[in-house]
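Keep the viewer open as you read.

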Amino acid sequence: MPAPGENLRINSERLWDSLMEMAKIGPGIAGGNNRQTLTDADSEGRHLFARWCEAAGMMMGVDTMGNMFATRAGTDPDALPVYMGSHLDTQPTGGKYDGVLGVLAGLEVIRSMNDLGIRTRRPVVVTNWTNEEGARFAPAMLASGVFAGIHDQEYAYARRDPEGKVFGEELQRIGWVGDEQVGARKMHAMLELHIEQGPILEAQGCDIGVVTHGQGLWWLEITLTGKDAHTGSTPMAMRVNAGLGAARITERVHQIAMAHQPEAVGAVGQLFHFPNSRNVIPGKAVFTVDIRSPDQAKLDAMRAEVERAAHAVAAELGLTCEIEAVGHFDPVSFDPGLVMTVRQAAERLRYSHMDIVSGAGHDACWINRVAPTVMIMCPCVGGLSHNEAEEISPEWAAAGTDVLLHAVLEVAEVVG
């Protein structure tokens with residue numbers, strides 16, 4: 001079957017307009033978005049996406065984790081579908097493109113197929129995965145993890161946010177509990193377009209990142225317990241300071257990641273002190289260590305070293321220490337055939353490209369367990385993401401979506 005011609009492109013202005021329209025929902029305070037999962041803003045964004053999909057002639061299905069699947073029929077009703085998509089939820093101080101580009105690029109692929117009268121043998125599905133970010137309910141990629149059999153739904157429904165609200169109850173509250181069994185759908189392949197969330201593509205002057213692998217990850221939630229006490233009247237030698245323990249462990253995480261260079265990272269991104277008062281020594285600290293590497297041996301070694309360091313710091317300061325793994329996935333190798341399809345699409349379209357390893361976790365990392373999967377990346381300014389100042393150019397968005405279009409058409413098999 002011949003590949004799509006190099007003059008076949010998406011409507012870049014329509015794609016950008018859709019991104020800007022979605023960004024109006026759940027605005028942040030500094031130009032980005034706060035559309036956290038299972039909030040009213042998340043529900044509003046879902047409704048907008050559903051209306052757009054209906055207008056494009058797609059049928060919407062929703063499973064019991066709230067995952068949304070908009071289907072454009074193929075000519076062969078028995079053929080397994082090709083999936084595209086990412087997520088519409090954001091960080092509390094998130095950008096306008098992280099995840100959202102992948103969902104709306106999928107919608108634009110369908111719109112462009114409609115404009116051009118293109119039919120495919122396989123159905124094509126655009127997906128919005130629930131709670132990819134994990135900012136409100138840990139772990140990240142929760143719903144795609146249930147879909148792939150990594151987590152069970154009972155576990156997911158019981159997850160709580162920092163305010164104690166329960167995932168299952170919040171999903172019900174916003175009205176997005178579907179009737180499909182999670183994971184019942186079968187896929188021929190899944191392709192996910194995403195911004196890089198790092199500086200490599202921009203620094204190299206490349207339009208397209210062909211993602212060959214993804215880093216593995218551990219999220220370790222550490223709870224240190226000491227004793228609340230007055231900051232002014234408690235002698236230094238008599239303090240049992242959970243905040244000090246958290247600070248020392250944070251430094252050790254950095255040292256451990258540096259000792260495993262290259263291709264290893266680590267940091268503490270979330271930290272809660274209790275009672276969190278100006279003149280009270282923290283009697284409790286709860287924080288999450290995030291360590292990542294595409295090398296399984298390094299990832300395992302870093303986890304063991306972080307846990308040893310945490311217990312050693314706690315013992316030195318007289319604190320109790322509990323560690324819970326609240327997020328994990330092993331390093332990922334994406335499907336070599338799909339990687340080649342993406343690479344050839346970029347070459348056909350004459351976009352500069354390079355192979356790249358994803359530094360962040362994505363829904364495709366879990367779906368890779370149950371179907372052939374690949375990711376496409378476009379640059380973002382300064383590599384900045386998970387920040388309201390996150391930015392991409394319309395040209396970068398269009399290039400990534402053009403490659404997505406060509407790859408999907410090849411995998412879904414154009415007819416006629």
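Strands here are DSSP runs of at least two residues, labelled E and numbered from the N terminus. With that in hand, and bearing in mind that this is a predicted model, look for Ala-79 in the loop between strand E2 (68-72) and strand E3 (82-86). Is Ala-79 buried or exposed? Buried means under 20% relative accessible area, so Ala-79, at 9% relative accessibility, counts as buried. Take Pro-123: 44 residues separate it from Ala-79 in sequence, yet the two C-alpha atoms are 7.2 Å apart in space.

Now for the interior. Nonpolar side chains tend to be buried together in soluble globular proteins. In this model the largest nonpolar core has 103 residues, and those with the most contacts inside it are Met-22, Phe-49, Leu-101, Leu-104, Ile-392, Val-403 and Leu-404. Which helix gives the largest share of this core? That's H12 (residues 394-412), with 12 residues. Zoom in on Leu-104 and, sequence neighbours within four places aside, you'll find it in contact with Leu-15, Ser-18, Leu-19, Met-22, Phe-49 and Trp-52. Apart from this core lies another one, of 24 residues, which include Ala-246, Ile-256, Met-302 and Val-306.

Back to H12, and to two helices that pack against it. Helix H3 (residues 100-116) meets H12 at an angle of about 60°, with the axes 9 Å apart. That angle makes H3 oblique to H12, and the crossing is right-handed. On the H3 side, the contact is made by Leu-101, Ala-105, Gly-106, Glu-108, Val-109 and Met-113; H12 brings Ala-397, Thr-401, Leu-404, Leu-405 and Leu-409.

Then there's helix H1 (residues 12-23), whose axis comes within 10 Å of that of H12 and crosses it at roughly 110°. H1 and H12 are therefore roughly perpendicular to each other. H1 also passes H12 in a right-handed crossing. Here Ser-12, Leu-15 and Trp-16 of H1 touch Pro-394, Ala-397, Ala-398 and Thr-401 of H12.

One last stop is a stretch with a label from a record. An unreviewed UniProt entry annotates residues 215-314 as "domain: Peptidase M20 dimerisation". Over residues 215-314 the chain is 37% helix and 34% strand, and the end C-alpha atoms lie 29 Å apart.

Technical notes. Residues numbered from 1 in each chain as written. Predicted model: local features only at pLDDT ≥ 70, side-chain atom pairs only at ≥ 80, totals over all residues. Heavy atoms only, no water. UniProt positions renumbered as here; feature names shortened; annotations may be inferred. Helix = DSSP H or I, 4+ residues; strand = E, 2+ residues; numbered from the N terminus. Core = buried A, V, L, I, M, F, W, Y, C linked by side-chain atoms within 4.5 Å. Buried < 20%, exposed > 50% of the residue type's maximum accessible area, 1.4 Å probe, protein only. Contact = heavy atoms within 4.5 Å. Axes fitted to C-alpha atoms, helices over the stretch in contact; angles between N-to-C directions. Parallel < 35°, antiparallel > 145°, perpendicular 65-115°, else oblique. Left-handed = near helix turned anticlockwise from the far one by under 90°.
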